[in-house]
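User: Hi! Could you walk me through this model in a few questions and answers?

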Amino acid sequence: MNAGCRVMDENTTGLLARHPCFSRAAHHKYGRVHMPVAPACNIQCKYCVRKFDCANESRPGVSSRVLSPVEAMDRIEALTGRDQRLSVIGIAGPGDPLANDATFKLLKMANREYPELILCLSTNGLLLPEKVGELVGSGVKTLTVTINSTSASVAENIYSWVLYKGLLYEGAEAAKLLVENQWKGLEMAVAAGLYVKVNTIFIPGINEAEIPLVAKRAGGLGATTMNIMSLIPQAEFANVRKPSAQDIAAMRNECAPSINMMSHCRQCRADAAGLLGEDKDMEMEALLAKIGDEYLEYIV
Ligand code: CLF
Ligand code: SF4
């Protein structure tokens with residue numbers, strides 16, 4: 001079976017049909033829960049602000065707090081007991097999951113206790129080449145790699161530094177190392193049988209010419225899906241223009257011949273739980289556990 005047929009088959013009948021991010025049809029029926037067990041990051045994206053005690057922002061990189069793997073297992077038990085729609089356990093920060101040992105501890109425990117749930121993870125890709133085997137061995141089935149360029153020269157404008165094997169890299173050297181590992185890791189992940197999604201941040205004036213090249217290369221290497229996301233202007237990119245909905249739609253159209261496009265992403269928090277867009281974080285969850293889910297409509 002070629003990669004395209006495999007994806008189509010999985011989308012309609014198999015694993016991807018239960019994944020709210022990889023399948024558009026699934027996102028009305030199935031939800032995911034993010035476990036914020038990964039606070040550390042090994043690179044600095046110029047658009048990133050991580051927060052570990054944040055209740056009132058809804059975006060990647062924020063969480064009410066960081067959980068230990070044991071606390072995360074308790075949360076999975078509580079949530080799956082209350083919500084039959086949860087089909088995916090995701091680790092999406094608030095830092096880079098592959099840079100945190102807690103990620104692998106949780107994956108192994110969750111895989112043992114909840115084999116019916118899909119294990120999913122999102123990474124910047126720096127450590128992917130050396131961690132693909134452990135991911136597969138831990139039961140991960142779906143993977144997202146955030147790749148913002150094919151070329152190191154463009155990446156140099158997006159990342160401030162990279163910390164790799166105890167050494168700090170900056171400028172061209174950092175960009176080259178990161179981009180090489182991202183693409184090598186993607187190729188290895190596909191070869192290892194993972195379903196791979198590429199997230200790409202649309203950063204006006206910085207990487208828009210690169211995005212169709214990312215789509216072409218990722219599609220050619222067998223990635224399943226691409227998710228072109230809007231820049232959230234903050235940190236060093238606080239003054240960069242946010243792309244309009246029209247900009248994003250036009251870019252998706254341009255890239256669609258190269259790879260399947262995701263267009264229902266909600267840019268969710270590192271501790272989000274529920275259907276995409278419901279955006280229940282851990283603070284809300286604790287409140288609802290006390291008063292009952294039926295009161296949700298009165299407090300959002
Ligand atoms: Fe989470 Fe990401 Fe897995 Fe989905 S999110 S780790 S693939 S289970 Fe989904 Fe949220 Fe968009 Fe990510 S809507 S930010 S694409
Ligand atoms: Fe932030 Fe993720 Fe970039 Fe790390 S990889 S700096 S957590 S956006």
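This is a predicted model: local features need pLDDT of at least 70, side-chain atom pairs count only at pLDDT 80 or more; totals for chains, interfaces and linings use all residues.

Residues are numbered from 1 along each chain as its sequence is written, chains are lettered from A and ligands numbered from 1 in the order in which they are written, and side-chain values use heavy atoms, with hydrogens and water left out.

User: How many helices and strands does the protein chain have?

Analyst: Happy to start there. Helices (H or I, at least four residues) and strands (E, at least two) are DSSP runs, numbered from the N terminus. On that basis the protein chain has ten helices and eleven strands.

User: What percentage of the residues of the protein chain count as buried?

Analyst: Buried means under 20% relative accessible area, exposed over 50%, and partly exposed in between, with a 1.4 Å probe and protein chains only. The protein chain has 300 residues, and the buried share is 54%.

User: Where does ligand 1 sit, and which residues come nearest?

Analyst: Ligand 1 sits in the largest cavity. A cavity is a set of points, on a 1 Å grid over the protein atoms alone, where a 1.4 Å probe fits but cannot get out; a molecule sits in one if more than half of its atoms lie within 2 Å of its grid points. Strand 1 (31-34) and strand 4 (118-123) are the elements that give two or more residues to the shell around ligand 1. There are 16 residues around ligand 1 (a heavy atom within 4 Å), and those that come nearest are Cys21, His34, Cys120, Cys265 and Cys268.

User: How many nonpolar, polar and charged residues does the shell around ligand 2 have?

Analyst: The residues around ligand 2 include Cys41, Cys45, Cys48, Arg50 and Pro94. Ala, Val, Leu, Ile, Met, Phe, Trp, Tyr, Cys and Pro count as nonpolar, Asp, Glu, Lys and Arg as charged, and the others, Gly among them, as polar. By class, the shell around ligand 2 has six nonpolar, three polar and one charged.

User: Which peptide bond is cis, with omega near 15°?

Analyst: Most peptide bonds are trans. Pro94 is found in the loop between strand 3 (86-91) and helix 3 (101-113). The cis bond runs from Gly93 to Pro94.

User: Is Ser138 buried or exposed, and which residue's backbone oxygen does its side chain reach?

Analyst: Ser138 lies in the loop between helix 4 (128-137) and strand 5 (140-146). With a relative accessible area of 1%, Ser138 is buried. Leaving aside neighbours within four places in sequence, Ser138 is in contact (heavy atoms within 4.5 Å) with Phe104, Leu107, Lys108, Asn111 and Leu119. At 2.6 Å, the side chain of Ser138 reaches the backbone oxygen of Glu134.

User: How far apart in space are Arg24 and Cys265, C-alpha to C-alpha?

Analyst: Arg24 is in the loop between helix 1 (3-12) and strand 1. Not counting residues up to four places away in sequence, Arg24 touches Ser263 and His264. Arg24 and Cys265 are 241 residues apart in sequence, yet their distance in space is 9.3 Å.

User: Is Lys165, with a positive phi, buried or exposed?

Analyst: Most residues other than glycine have a negative phi. Phi of Lys165 is near 50°, and Lys165 is in the loop between strand 6 (159-164) and strand 7 (167-170). Its relative accessible area is 62%, so Lys165 is exposed.

Definitions and conventions. A polar contact is a pair of N or O atoms within 3.5 Å; within protein, one must be able to donate a hydrogen and the other to accept it, and residues adjacent in sequence count only if both atoms are side-chain atoms. On a 1 Å grid over the protein atoms alone, a cavity is a set of points where a 1.4 Å probe fits but cannot get out, and a pocket is an open set with protein on both sides within 12 Å along at least five of seven lines; lining residues have an atom within 4 Å of a point.
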